[in-house]
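Q: Could we go through this model together? I would like to begin with the aromatic residues.

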Amino acid sequence: MLKKIAVAICCCYLTACATSPTGRSQFIYMPDAQINQMGLQAFDNLKTEKPISKSTQYTEFVNCITQAITYETGGDWEVVVFEDDSLNAFALPGNKIGVHTGLIQMVDNKDQLAAVIGHEVGHVLARHSNERLSQKTAVSQGVALISAVSAPTSALGQLAVSSLGIGAQYGIILPFSRTHESEADIIGLELMAKAGFDPRESINLWQKMDQAKQGQQPAEFLSTHPSHDTRIKELSEHIPHAMPFYQHAHSIGKIPRCTK
Ligand SMILES: [Zn+2]
């Protein structure tokens, strides 16, 4: 055991490793402050490029769910509802969340939208953007990446927006890996349950996403968050671990009353 710890310390010292919230070793060396700056810049750009929904009904619904979920993570989070028919939602480093009206229309209930938001927040908490960028860039590019976010047609800009998980908005697809998807699912499931949302609805949500893929509305979300065959199986396996959090939340009166 001690030997293992010594090896771990040695490797972390020589490279740059971190541990994700699920206990996975990560190779991360970009400064979080720079990644957060990239997220803030990207969010500012999206807010000027895309129409923001004027629906108070939708905004209140999304705010209600986001507040309940981010209460479990701490920190200040901002959420914006974008007027866009595509099925999409995203969360950026720096604690920024975007939800498209198309997704709000698709979900049957608060729990299904909480599953998407929990999943997205999971990507941020596990620092997946930083991990992707650390694999592909040198630390010296950090500052250049922040300004590159505003030029998504340049090579560095493409890398920046796609690593943040919003490449699909600019026609650039960089899907999250299966490891990142599974991790975001596990974190998201626990978060939604702790906030008092029914984790079983995550299964219905992913089934609906898969069906939507065949239909009229573009399931933009699936291009960057590929739905693997194993996802529903893995979620089903984790639901029994999440249920006690959900039951506890309800027993102490944490029942989010968010209505569409
Ligand atoms: Zn994902």
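A: Phe-43, Phe-82 and Phe-90 form one aromatic cluster. Rings of Phe, Tyr and Trp (its six-membered ring) pair if their centres lie within 6.5 Å; planes under 30 degrees apart count as stacked, over 60 as edge-to-face and the rest as tilted. This is a predicted model, in which local features need pLDDT of at least 70 and side-chain atom pairs count only at pLDDT 80 or more, while totals for chains, interfaces and linings use all residues. Residues are numbered from 1 along each chain as its sequence is written, and side-chain values use heavy atoms, with hydrogens and water left out.

Q: How many aromatic pairs are there in the whole structure?
A: The search finds five. Helices (H or I, at least four residues) and strands (E, at least two) are DSSP runs, numbered from the N terminus.

Q: Why is the pair of Phe-82 and Phe-90 called stacked?
A: The ring centres of Phe-82 and Phe-90 are 6.1 Å apart and the planes stand at 20 degrees, so the pair is stacked.

Q: Phe-82: buried or exposed?
A: Phe-82 counts as buried because its relative accessibility is 0%. Phe-90, at 1%, counts as buried, and Phe-43 is buried. Buried means under 20% relative accessible area, exposed over 50%, and partly exposed in between (1.4 Å probe, protein chains only).

Q: Which residue lies over the face of Phe-82?
A: Lys-50 does, at 5.9 Å from the ring centre. Arg-231 lies over the face of Trp-206, at 3.6 Å from the ring centre. The rule requires NZ of Lys or CZ of Arg within 6 Å of the ring centre and within 35 degrees of the ring normal.

Q: Changing topic, what are the protein donors of the zinc ion?
A: They are His-119 (NE2), His-123 (NE2), Glu-181 (OE), Glu-181 (OE) and His-225 (ND1), lying 2.0 to 2.8 Å from the zinc ion. Donors are N, O and S atoms within 2.8 Å of the metal (3.2 Å for Na, K and Ca); water is not among the atoms, so sites may look incomplete.

Q: And how are the donor residues spaced in sequence?
A: The spacing is H-x3-H-x57-E-x43-H. Glu-181 is in helix α9 (residues 178-194) and His-225 in the loop between α11 (220-224) and α12 (229-251), 44 residues apart. Both Glu-181 and His-225 are buried.

Q: Now the cavities: how many of 30 Å³ or more?
A: The count comes to three. On a 1 Å grid over the protein atoms alone, a cavity is a set of points where a 1.4 Å probe fits but cannot get out, and lining residues have an atom within 4 Å of a point.

Q: What lines the largest cavity?
A: Its lining includes Ala-115, His-119, Asp-185 and Trp-206. Helix α9 gives the most, with five residues. The largest cavity holds about 60 Å³ of space.

Q: How about the second largest cavity?
A: The second largest cavity has a volume of about 40 Å³. Among its lining residues are Glu-181, Asp-185 and Arg-231, and α9 gives the most, with four residues.

Conventions
On a 1 Å grid over the protein atoms alone, a cavity is a set of points where a 1.4 Å probe fits but cannot get out, and a pocket is an open set with protein on both sides within 12 Å along at least five of seven lines; lining residues have an atom within 4 Å of a point. Grid points are joined across faces, edges and corners, and a volume is the space filled by probe spheres set on the points.
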